[in-house]
Amino acid sequence: MSQPDQTIRKGLAGVVADTTAVSKVMPETNSLTYRGYAVEDLAENASFLEVAYLLFNGELPSEEELAEFEREERSLRQPDQRVLDAVASLPTDCHPMDVLRTAVSIIGTLDPEHFTTDVEHIRRAGLKLFAQLPTVTAFDIRRRRGAEFIAPDPEKSYSENFLSMVFGDGEGSPVNSEVDKKAFDTSLILYAEHSFNASTFTARLISSTLSDTYAAIAGAIGALKGPLHGGANEFVMHTMLEIDDPARAADWMAEALDAKKKVMGFGHRVYKNGDSRVPTMEAQFRKLAEEHDGGRWVEIYDTMAKVMDERTGIKPNLDFPAGPAYYLIGFDVEFYTPLFVMARVTGWIAHVVEQFSDNALIRPLSAYDGPEQREVPRTT
């Protein structure tokens, strides 16, 4: 019997674990497609709701399909009161990602459908999470600010509804500009999917055990929380707030690079010559800066990118423009990763469906490097 390959690939680097038709990351061209469509084209010509439909169903919707998808999403926005009560009982100093992870588990316990691997069942669960996680996130933001909960409005679009729940006064009047809405919707499209990243692979791994969809999404949220994955957008803004003055940006970067500190928002495990999502998000960030008198953040952004490029050749990733964009819209920094969840749950569900379509338990081997077998010391 032949021995298994004992080559160690730390972080599973270079390992092709399975096939996928959900998205394609192309390192050689620094590009990304969802179901064959370039993500920058989707951001320019489609809404986030259309992209969510595409990821869930494999094709962009017709007008009738989009209308039905939107109707169903809007009807599911209000969570069971027990979900909101549970969120209200949690500490206000815990990380918001812990709240989301908990809320997903509670939503799962209240689902009257017993879990099956049926595609339509998984999509129904996914659509419920897609519709309700923005409400949970907005509720958590407002409770920490000491503000009253604003219920979801079925008359508003997906992004407009969320911004109204976060920033509104409950009277229904518009509170965010069209620039805000477009920038936020664009960010959701760009964050929606990215092949076998850490959180998506976590969701697929959990699903491979035939565990339920809610468990898979809760696990994915746990993986996304880390600063080496989804949490990076928070750290980008913490860095910019620490720098604060554009005149300090070059020196701050030089000192950080001299000390070999990791500067979040730069580099990517896959893209080596730039992330194709960055120009689209950067354009939205610059429009927001014009709208909200955010010129100093643009100066800090440009200086940081210039120094990093000159010193290392490393390019920004999507988190670098997304962090200050979210800040200019008005989001609290600790909620940047939950915003990522709102987008990425669409990609996660698409992968859970795909995993169950041709499932194999994900169970890699390990190479043992501990002590050889030995006897337990005898006592006399």
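Predicted model: local features only at pLDDT ≥ 70, side-chain atom pairs only at ≥ 80, totals over all residues.
View 1. Where they touch, domain 1 brings 27 residues to the contact and domain 2 brings 24 residues.

**View 2. The area hidden between the domains.** The size of an interface is often given as the accessible area lost when the parts come together. Here, domain 1 and domain 2 bury about 2100 Å² between them, and carbon and sulfur atoms give 60% of that area. On the domain 1 side, take a moment to find Asn30, Leu190 and Tyr191: this trio supplies 30% of the area that domain 1 buries against domain 2, more than any other three residues.

**View 3. Pairs that meet across the interface.** How many residue pairs are in polar contact between domain 1 and domain 2? The count is six.

**View 4. The side of domain 1 that touches domain 2.** Several elements give two or more residues to this side of domain 1: the strand β2 (31-34) and the helices α1 (39-45), α7 (158-167), α8 (178-191) and α16 (336-357). Start with α8, which provides the largest share, nine residues. Sorted by class, the side of domain 1 that touches domain 2 holds 14 nonpolar, nine polar and four charged residues.

Methods: Residues numbered from 1 in each chain as written. Heavy atoms only, no water. Contact = heavy atoms within 4.5 Å. Buried area = accessible area lost by both parts, 1.4 Å probe. Polar contact = N/O pair within 3.5 Å; in protein donor to acceptor, adjacent residues only side chain to side chain. Helix = DSSP H or I, 4+ residues; strand = E, 2+ residues; numbered from the N terminus. Nonpolar A, V, L, I, M, F, W, Y, C, P; charged D, E, K, R; others polar.
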